[in-house]
Amino acid sequence: MTRTNITIGLFGFGVVGQGLHAVLERTPGLRARIGRIAVKDRSKSRPLPAELFTFDKNDLLDDPNLDVIVELIDNADDAYLIVKEALQKGKAVVSANKKMLAEHLPELIALQRTTGTPLLYEAAACASLPVIRNLEEYYDTGLLDSVEGIINGSTNYILTAMNRDGQPYAEALAKAQALGFAESNPALDVEGLDARNKLVLLLAHAFGLVAGPEKLLAVGIDRISPLAAAYAREQGLAIKLVAEARRLPEGGGIAAAVLPTLVASSHELANVHDEFNGLVTQSGFADRQFFLGRGAGAFPTASAVLSDLSALTYGYRYEYKKIQQNAHLTLAPDAAEVDVLVTFDDAYPPDEADFTQVHEQFRSARRGNYLTGTIGLGQLARAAWLRQPGVSVVRLAVPLRAAKTSANAQVIASKRVAAIQVD
Ligand code: HSE
């Protein structure tokens with residue numbers, strides 16, 4: 001598609017759909033207009049003429065006058081069927097549905113290849129930040145070492161409101177919902193699952209590694225205990241929900257996870273507040289680079305959709321070059337380790353045998369219990385205690401790192417378990 005007048009078939013008219021309508025009105029240079037809108041709920045009153053709306057997806061998918069399908073609906077299963085059919089019918093698609101994309105990425109990549117029809121989704125990761133196209137195009141030389149970032153706006157808004165403004169969790173979450181930042185099911189945000197879906201997209205474009213979301217460890221902010229929050233405060237550190245993907249040295253594969261993380265004030269991510277997202281890339285020669293911008297909300301997300309629409313007008317598509325180039329790359333959670341703070345009730349203590357090293361142990365009937373230690377990323381993901389009631393896991397610093405190798409296996413063999421301090 002290389003024409004400059006485009007007529008859009010829009011699926012969904014919620015927060016982002018309405019945002020797109022508003023930004024298109026203010027962007028005459030793009031020469032794009034919404035031709036038809038498919039919606040689900042027949043009872044809602046809408047601010048545009050009724051004849052613009054339909055309840056039948058085929059009114060859009062079969063309309064030869066519509067050049068591009070923009071898919072902005074909530075239900076990931078319905079979105080998948082719409083996007084698949086649109087591509088099969090040769091209609092270019094722009095989607096913001098990270099859950100749908102993460103769950104079906106291999107098939108959607110294959111479908112783009114067989115149909116020759118593009119699917120763009122800049123809005124699905126970090127809303128207004130141009131991360132997908134940058135990872136795809138700029139960092140295509142194999143020199144990228146890592147991406148680490150705050151890639152969910154709602155949880156960052158909640159953490160900021162709690163830590164900076166002293167708001168209770170429930171109140172901060174309600175505000176994030178009212179402002180249109182949260183998913184319709186906010187569990188996706190607070191359990192780290194939305195960030196995990198976005199990490200799937202970052203992995204594909206940063207490293208050419210296509211992995212299902214279920215392969216990645218995600219711990220959310222819903223389990224951060226008051227003791228973990230107090231620990232962070234006492235150490236002068238910020239708790240942030242950080243997604244990270246890192247190439248391990250010597251061909252060790254990729255380590256990737258979403259974890260609440262204690263971040264030092266000197267780190268770029270410590271200063272990402274409210275619904276903003278931030279992404280730090282580390283690459284050979286360029287060193288560290290930092291993207292910062294609004295990560296949720298109607299206009300920031302619509303801005304990325306707009307950019308994709310513009311890209312379609314000059315024939316842009318993702319080529320997924322790195323998938324071929326890096327075909328040997330795999331996820332290697334057992335080759336990575338992290339330092340963590342685990343807080344827990346007496347009923348469900350973590351199993352010390354899972355740790356490479358326990359650094360510190362503290363028990364208090366008054367304040368609660370914690371331990372700090374080093375644990376393999378794969379071991380942490382498999383640990384039964386991780387999901388038990390009262391257990392809270394927070395990573396102690398940002399980079400994932402390579403686990404100790406057999407060269408210094410003696411350190412592991414004689415692992416030190418710290419004495420228990422009692423308050
Ligand atoms: N719920 C998402 C977030 C919306 O808070 O980041 C933007 O993807």
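## Where two helices meet

In this predicted model, helix H3 touches helix H4 through Ala 76, Ala 79, Tyr 80, Val 83, Lys 84, Leu 87 and Gln 88. Their partners in H4 are Lys 99, Met 100, Glu 103, His 104, Glu 107, Leu 108, Leu 111, Gln 112 and Thr 115. What kinds of residues make up the contact of H3 with H4? Eight are nonpolar, four are polar and four are charged.

## How the helices line up

Two packed helices are described by the angle between their axes and the distance between the axes. H3 covers residues 76-88, and H4 covers residues 98-115. They pack at an angle of about 10°. The axes lie 10 Å apart. Angles under 35 degrees count as roughly parallel, so H3 is roughly parallel to H4.

## Domains

The domain assignment gives two stretches of the protein. Domain 1 takes in 6-126. Domain 2 takes in 336-422. How many Å separate the centres of domain 1 and domain 2? Taken over C-alpha atoms, the separation is 45 Å.

## Around the ligand

Which residues are around the ligand? Among them are Asn 152, Gly 153, Ser 154, Phe 181, Ala 182, Asp 194, Lys 198, Gly 295 and Ala 296. Lys 98, Glu 183 and Asp 189 also belong to this group.

The side chain of Lys 98 has an N or O atom 2.6 Å from an oxygen atom of the ligand. For Glu 183, a side-chain N or O atom is 2.6 Å from a nitrogen atom of the ligand. Asp 189 places a polar side-chain atom 2.8 Å from a nitrogen atom of the ligand.

Notes: Residues are numbered from 1 along each chain as its sequence is written. This is a predicted model: local features need pLDDT of at least 70, side-chain atom pairs count only at pLDDT 80 or more; totals for chains, interfaces and linings use all residues. Side-chain values use heavy atoms; hydrogens and water are left out. Axes are lines fitted to C-alpha atoms, for helices over the stretch in contact, and angles run from 0 to 180 degrees between N-to-C directions. Helices (H or I, at least four residues) and strands (E, at least two) are DSSP runs, numbered from the N terminus. Angles under 35 degrees count as roughly parallel, over 145 as roughly antiparallel, 65 to 115 as roughly perpendicular and the rest as oblique. Contact means heavy atoms within 4.5 Å. Ala, Val, Leu, Ile, Met, Phe, Trp, Tyr, Cys and Pro count as nonpolar, Asp, Glu, Lys and Arg as charged, and the others, Gly among them, as polar. Domain bounds come from an automatic or database domain assignment. A residue is near a molecule or strand if one of its heavy atoms lies within 4 Å of it. A polar contact is a pair of N or O atoms within 3.5 Å; within protein, one must be able to donate a hydrogen and the other to accept it, and residues adjacent in sequence count only if both atoms are side-chain atoms.
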